[in-house]
Amino acid sequence: MTKKIKYSIIGALSVIFVTIICIFAFSSCGTNSVIKLASQNATNYNMSLVYNDDTKSLYGNSDIDYINRSQDNLEQVLFHLYPNAFREDAKYKPVSSILHTQAYINGESYGDITIKSVKVNNKEVSHSIGGQDNDILIVPLSNQLYPNSRVNIQIEYDITIPNVKHRFGYTDNAVNLGNFYPIACVYENNAFDTSPYSYNGDPFYSDISNYNVTFTCDSDFVVASSGNLKSKDTKDGKTTYNYSALAIRDFAMSLSKKFNLLETKCDGISIKYYYHSDEQPQESLETAYKAVETFNDLFGKYPYSTLSVVETSFVHGGMEFPNIVFISDDLTSYEEYTNVIVHEIAHQWWYGVVGDNQNKDGYIDEGLAEYSCILFYENNPEYEITRTSIIGNDLQSYLLFTEVYGDLFENFDTSMDRLLTEYTTEPEYTYMAYVKSVLMFDNLRQLIGDKDFKQGIKNFYNDNQMQFATKDTLIIAFEQASNMPLKSFFDSWIDGKIVIASN
Ligand SMILES: [Zn+2]
């Protein structure tokens, strides 16, 4: 995600504003061998979705070929039901109180997902809804599922979409379908990860999977989506699209009757730009092109064949999904808009191809996405934004933040690997995952030098593709590049022991 550049530190301190200039604003998936390999050992989602614009609802049927990738025998499979965070009595709200009015422009609005039936191997089973916030679907299996074995699970559901400028929500400009369907929880350490929604960060964690999706809506909509469009059939005013994608960790869409479309190709990757109010669309497409070109060169090739950039309604600056990124249509400056395009595209490498547990390791993908912006500007000097200016602004704003928060909170915590729900406020998360993480990577670059730093990023990308990266794999990548022990360096930054001061 990208945070917008203006933030009140907390509601009670609304007179103190920190403005950070340009900081965090801040397929055929085909024949690629990395994709091929990852797709063979992945869950398959066959989803059939019908959107009703009159009721702002979605009917869905998911036919899931689930694979047990763990070493344990499973007796049940758990799925996240993220739309339930948008219901009236949700415990973990999707929007913080600071941004509530900006997000719900027409007042309160609610959404949810209702599970109508669940079948396992074609037999109806008695499912239940659990989790910390009625946000987990529990599917019992009649027989134990052994490691590397598969089971067929069919889920039928109705989704109500709320009127909110969010990943999942509609406005007059667009309908955003992010994190909207039942998606399997990651199984690790002998349990499913059932972390709830959080308005801090991007509370999502999901395995690489394959998708085959049919989506039906009124024909006057323009649809942007993850994956590759395989077919499009129009009948009686309705259009059915069929998309397929191999080895991606989530599937998202955005649709609008207002979208215009520009397209280009970079290194064989089809880049699409959907926009409705951007007055410099050609420049925005050019930025997307340069971002893909620069990151392909610096990190390693983007393995998919499509990438869509979508100007849509979103209360934060932007949001990343595999093969598709949302860019907010109400950013205050074009410079900021450009920065968000670059940041979100960088997430295709950090979050998309190299995954991480965003519920606790957001500093990895957000920090690297932010640092990728610095590398982008260094490689594209025509944007006239320098590393020195970004780091200078980051440092200044971080120091101001720690001063204010240090005074406010007795046990002010600057660790970067807490659970999202453990951050006191949204700005606290933003400063730790974005700003402090960028300062950490820049400090690392100073320590090991430009060449080893860039090699470390390449190593990290190459060694963790289609996996979940962790602090340990991050350390290994840079240690191998620099031949220096770096554990204590990373530990002191991530644990919060290091004290950052201005020179
Ligand atoms: Zn981000």
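Two residues are in contact here if their C-beta atoms, placed from the backbone, lie within 7 Å. With that in hand, turn to the sheet. The model is predicted.

Helix α3 (residues 281–298) lies across β21, β22 (269–275) and β23. The helix runs at about 145° to β22. Helix α4 (residues 334–346) also packs on the sheet, where it touches β23, β24 and β25. The direction of α4 makes about 155° with that of β25.

Now the sheet itself. It is open, has 5 strands and shows mixed pairing. The order is β21-β22-β23-β25-β24. β21 and β24 (318–321) stand at the edges, each with a single partner strand, so one side of each has no neighbour in the sheet. From one strand to the next, the twist averages 15°. Strands β23 (residues 306–312) and β25 (residues 324–328) run parallel and are joined by 5 bridges. Ser308 stands opposite Ile324 in β25.

Look next at Glu263, a residue of strand β21 (residues 260–266). Is Glu263 buried or exposed? Glu263 has 11, so Glu263 is exposed. Leaving aside residues up to four places away in sequence, Glu263 touches Ser270, Ile271 and Lys272. Glu188 is 75 residues apart from Glu263 along the chain, and their C-alpha atoms are separated by 40 Å.

Helix α7 (residues 426–448) packs with helix α8 (residues 450–464) at an angle of about 125°, their axes 6 Å apart. That angle makes α7 oblique to α8. Leu444, Arg445 and Ile448 in α7 meet Asp450, Asp452 and Phe453 in α8. The residues of this contact divide into 3 nonpolar, no polar and 3 charged.

Conventions
Residues numbered from 1 in each chain as written. Predicted model: local features only at pLDDT ≥ 70, side-chain atom pairs only at ≥ 80, totals over all residues. Axes fitted to C-alpha atoms, helices over the stretch in contact; angles between N-to-C directions. Helix = DSSP H or I, 4+ residues; strand = E, 2+ residues; numbered from the N terminus. Parallel < 35°, antiparallel > 145°, perpendicular 65-115°, else oblique. Nonpolar A, V, L, I, M, F, W, Y, C, P; charged D, E, K, R; others polar. Buried ≥ 20, exposed ≤ 12 C-beta atoms within 10 Å, placed from the backbone. Pairing = 2+ DSSP bridges.
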